[in-house]
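Here is a briefing on one predicted model. Keep the structure in view while you read.

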Amino acid sequence: MTFPAAFIAVDWGTSNARFALCDEDGQALETREGPGAAQSRGRFDEVFDEATAGWRAAHRELPAFMCGMVGSAFGWKEAPYLPCPADLYELADSAVKIREGVHVLPGMRCTNPLGAPDVMRGEETQLFGAQCMGLLPGERQLVCMPGTHTKWVTLSRGVVQEFLTAPTGEVFGLLCEHSVLVRDKATPVTHDARDFERGLAEAVRHPGALIHQVFQARSLRLDKQLSNEGAASWISGLLIGADVGGALKVSGAYEREPVLIIGAPHLADSYALALARHGRKATKVDGSTASLAGLAYVFREHERAHA
């Protein structure tokens, strides 16, 4: 059975944009990729129109609901951050109208467990989608959202209390692309499960020594204990292991609950392995699926309010 197209969902990150033609439940009928917010600056309307013209022509003027950096200060139109603690359902009431039929959801901000300001854009919609999917049922929940800037979020009955950001993916990219520690330019970045687990083990064995351990990506290679091809996987395991260990330490009040991981499957698997090293169980959900579920709920609420 084919379900009719109901709205356009857009997760517009810094590096790329994902456009989806969706039915009312958030099932993607067709998807497209586009340039991220950094490349779209100053021409968001043009990029949006080009990516969605065919859909809007075939299905009349479909409404669009977006999340991510498209709502940032350098986005199409700024959507102010919701201050935490914040109920996830507030997102549905706080969408900002960009133009007729096009809305963007706000991000969230908090004072993180280290006492510093912290922000997110896009991840809050994935959290909301997980809530709509019935994946945040408990009184207390710790959520890991791995990526370029990994988020660790603490919730209580669907209310985001606070979160903590670790730029794990960005640091990995910098070390691989702009350092002699991990590789030379002729060595491709690949994933080797055994070397990744070796990096995890090192992070667990000597917690708190990350800045000293990073150099081992070079010294182990020089000593022939690590191959040139395996160094990137080793440093990935080390960084993810340090990320997980640090996050669990500062979120100790949630130490008995399973961790929900929302993100790309390959990253979710890596973080689940790291959590298992610390004796923590994890459940996983695809980040794109969660994002669409959140945007679909906002679409349905908007339709009810304007019926």
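What is the volume of the largest pocket? The largest pocket has a volume of about 900 Å³. This is a predicted model: local features need pLDDT of at least 70, side-chain atom pairs count only at pLDDT 80 or more, and totals for chains, interfaces and linings use all residues. Residues are numbered from 1 along each chain as its sequence is written, and side-chain values use heavy atoms, with hydrogens and water left out.

**Overall build**

- The chain has 11 helices and 15 strands. Helices (H or I, at least four residues) and strands (E, at least two) are DSSP runs, numbered from the N terminus.
- The chain is as compact as a globular protein of its length, because its radius of gyration of 20 Å is close to the 19 Å that the globule rule gives for 307 residues. That radius is taken over C-alpha atoms, and the globule rule is 2.2 Å times the number of residues to the power 0.38.
- The C-alpha trace spans about 65 × 45 × 40 Å along its principal axes.

**Largest pocket**

- A pocket is an open set of points on a 1 Å grid over the protein atoms alone, with protein on both sides within 12 Å along at least five of seven lines; lining residues have an atom within 4 Å of a point. Grid points are joined across faces, edges and corners, and a volume is the space filled by probe spheres set on the points.
- The largest pocket is lined by 27 residues, and Gly 13, Arg 18, Glu 123, Gly 147 and Thr 148 are the closest to its centre.
- Two or more lining residues come from each of strand S2 (16-22), strand S10 (117-120), helix H4 (123-132), strand S14 (259-263) and helix H11 (287-305).
- The lining of the largest pocket divides into nine nonpolar, 13 polar and five charged residues. Ala, Val, Leu, Ile, Met, Phe, Trp, Tyr, Cys and Pro count as nonpolar, Asp, Glu, Lys and Arg as charged, and the others, Gly among them, as polar.

**Second largest pocket**

- The second largest pocket holds about 570 Å³ of space.
- Its lining has 26 residues, with Ala 242, Asp 243, Gly 245, Gly 246 and Ala 247 nearest the centre.
- Helix H9 gives the most to this lining, with nine residues.
- By class, the lining of the second largest pocket has 15 nonpolar, nine polar and two charged residues.

**Cavity**

- The whole structure has one cavity of 30 Å³ or more. A cavity is a set of grid points where a 1.4 Å probe fits but cannot get out.
- The largest cavity holds about 50 Å³ of space.
- Its lining includes Trp 152, Phe 163, Ala 247 and Val 250.
- Strand S13 (159-166) gives the most to the lining of the largest cavity, with three residues. Strand S12 (150-156) and H9 each supply at least two.

**Packing of H6 and H9**

- Helix H6 (193-205) and helix H9 (231-250) pack at about 40 degrees, with axes 6 Å apart. Axes are lines fitted to C-alpha atoms, for helices over the stretch in contact, and angles run from 0 to 180 degrees between N-to-C directions.
- The contact (heavy atoms within 4.5 Å) includes Phe 196 and Leu 200 of H6, and Trp 234 and Leu 238 of H9.
- The residues of the H6 and H9 contact divide into seven nonpolar, five polar and three charged.

**Backbone points to check**

- Cys 84 and Pro 85 are joined by a cis peptide bond, with omega about 5 degrees. Pro 85 is in the loop between strand S5 (82-83) and strand S6 (86-87).
- Arg 60 is not a glycine, yet has a positive phi of about 60 degrees. Arg 60 lies in the loop between helix H2 (44-58) and strand S4 (64-68).
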